[in-house]
Amino acid sequence: MGDDLTLDAKSGIAVVSGSQETRENILRRLCTNPGAYIWQLDYGTGLPAMIGEPLLVQKTRGAVLAQMMDESGVDQTQAVNVELSSSAGGVVQCTISYGDAQTGHTEILSVSN
C-alpha cells in the first residue's frame, strides 16, 4: 500500500519503517476483505467491498476499531477514534486518529471512497 516499489539512494528497493510502515499496514488492513488472508481469516475490514452499499456507521466503526486493536504499530494504551461521515454525493470519509506505538504521537489517517 502506498508508494510500493520506489528506489532508495543506492537504486535498491526502498523499504518503509516507523510511522509510515504503520500507516501502510493500517491501509492494508482496511482494504483487505475478511477471509482473504488465508493464514489469519479474521484479518481485514474490507472497506472497498462496502462501496455502493448503505453506510452502516456502527458496524463499520466497530470493524475498523477491531482491526486497529490488532495492529502492532498502534499504541494500545491510547484511545483510537474513528469518525465516519458522508456527503450528499455519496462520498464516505473515514478519519482515524490513533497513537503511534513507536513515537507516542497522535497520527491521523483519512480515507474516502
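A disulfide is a pair of cysteine sulfur atoms within 2.5 Å. By this rule, the count here comes to 0 disulfides. The structure is a predicted model.

**Cysteines**

- The sulfur of C31 has its closest cysteine sulfur in C94, 10 Å away. The cut-off for a disulfide is 2.5 Å, so C31 is too far from C94 for a bond.
- Seen from C94, the closest cysteine sulfur is that of C31, again at 10 Å and too far for a bond.
- Are the two cysteines buried or exposed? C31 is partly exposed, with a relative accessible area of 35%. C94 is buried, at 5%.

**The largest pocket**

- The volume of the largest pocket is about 480 Å³.
- Its lining is made up of 22 residues. Nearest the centre lie L47, P48, M50, I51 and V92.
- Which helices and strands each supply at least two residues of the lining? They are the helices α1 (18-31) and α2 (57-69), and the strands β2 (92-99) and β3 (106-112).
- By residue type, the lining divides into 14 nonpolar, 6 polar and 2 charged residues.

**M50, beside the pocket centre**

- M50 is among the lining residues nearest the centre of the largest pocket. Its place in the chain is the loop between α1 and α2.
- M50 is partly exposed, with a relative accessible area of 29%.
- M50 and N25 are 25 residues apart along the chain. Their C-alpha atoms are separated by 19 Å.

**Strands β1 and β2**

- Strand β1 covers residues 81-86. It runs antiparallel to β2, and 6 bridges join the two strands.

**R29 in helix α1**

- R29 is found in helix α1. This helix also supplies at least two residues of the lining of the largest pocket.
- R29 is buried, with a relative accessible area of 7%. The cut-off for buried is under 20%.
- What does the side chain of R29 make a polar contact with? The partner is the side chain of Q67, at 2.6 Å.

Methods. Residues numbered from 1 in each chain as written. Predicted model: local features only at pLDDT ≥ 70, side-chain atom pairs only at ≥ 80, totals over all residues. Heavy atoms only, no water. 1 Å grid on protein atoms, 1.4 Å probe; cavity = no way out; pocket = protein on both sides within 12 Å on 5 of 7 lines; lining within 4 Å. Points joined across faces, edges and corners; volume = space filled by probe spheres on them. Helix = DSSP H or I, 4+ residues; strand = E, 2+ residues; numbered from the N terminus. Nonpolar A, V, L, I, M, F, W, Y, C, P; charged D, E, K, R; others polar. Pairing = 2+ DSSP bridges. Buried < 20%, exposed > 50% of the residue type's maximum accessible area, 1.4 Å probe, protein only. Polar contact = N/O pair within 3.5 Å; in protein donor to acceptor, adjacent residues only side chain to side chain.
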